[in-house]
Amino acid sequence: MEVNATTNQSQLPPLELVDKCIRSRIRIVMKMAKEFIGTLLCFDDFVNMVLEDVTELEIMPGGKRITKLEQILFNGNNITVLVPGGEGPEV
């Protein structure tokens, strides 16, 4: 059996894929009704992350609330979904 020398994005281990997103825009969906879109600065083996130039979207019964943040630190335990290059819903 021959192994292909080029690596497809879908064949990368999850942390290597996240590593390729450093200094890129990423969308984070939290366990709560919140989403964050920002530039990924760094992360660790537990997927704790630091983002800058962040837009926070919170879905509320009366609509959605949008908050702009310079920088934020996320606990990896509260992250549900990561979307590399994701811009999320219209703000």
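## Isoleucine 28 and its surroundings

Isoleucine 28 touches Lys34, Glu35, Phe36, Met49, Leu51, Phe74, Ile79, Val81 and Leu82, with residues up to four places away in sequence not counted; contact here means heavy atoms within 4.5 Å. The model is a predicted one, in which local features need pLDDT of at least 70 and side-chain atom pairs count only at pLDDT 80 or more, while totals for chains, interfaces and linings use all residues. Residues are numbered from 1 along each chain as its sequence is written, and side-chain values use heavy atoms, with hydrogens and water left out.

## The nonpolar core

Ile28 also belongs to the largest nonpolar core, which has 13 residues and in which Ile28, Leu40, Met49, Leu51 and Phe74 have the most contacts. Such a core is a set of buried Ala, Val, Leu, Ile, Met, Phe, Trp, Tyr and Cys residues joined through side-chain atoms within 4.5 Å, where buried means under 20% relative accessible area with a 1.4 Å probe, protein chains only. At least two residues of this core come from each of strands E1 (25–30), E2 (34–43), E3 (49–60) and E4 (63–74); strands are DSSP runs of E with at least two residues, helices DSSP runs of H or I with at least four, numbered from the N terminus.

## The aromatic pair

The structure holds one aromatic pair. The ring centres of phenylalanine 36 and phenylalanine 74 lie 4.8 Å apart and their planes stand at 70 degrees, so the pair is edge-to-face (centres within 6.5 Å, planes over 60 degrees apart). The pair links distant parts of the chain, since phenylalanine 36 is in strand E2 and phenylalanine 74 in strand E4, 38 residues apart. Both phenylalanine 36 and phenylalanine 74 are buried.

## Threonine 39

Strand E2 also contains threonine 39, which counts as buried because its relative accessibility is 12%. Its side chain is joined to that of arginine 25 by a polar contact of 3.4 Å (a pair of N or O atoms within 3.5 Å, one able to donate a hydrogen and the other to accept it). Beyond its neighbours within four places in sequence, threonine 39 is in contact with Arg23, Ser24, Arg25, Val50, Leu51, Glu52 and Asp53.

## The chain as a whole

Of its 91 residues, 29% are buried, and among contacts with a separation of 6 or more, 44% join residues 24 or more positions apart.

Key: Buried < 20%, exposed > 50% of the residue type's maximum accessible area, 1.4 Å probe, protein only. Phe/Tyr/Trp six-rings, centres within 6.5 Å; stacked < 30°, edge-to-face > 60°.
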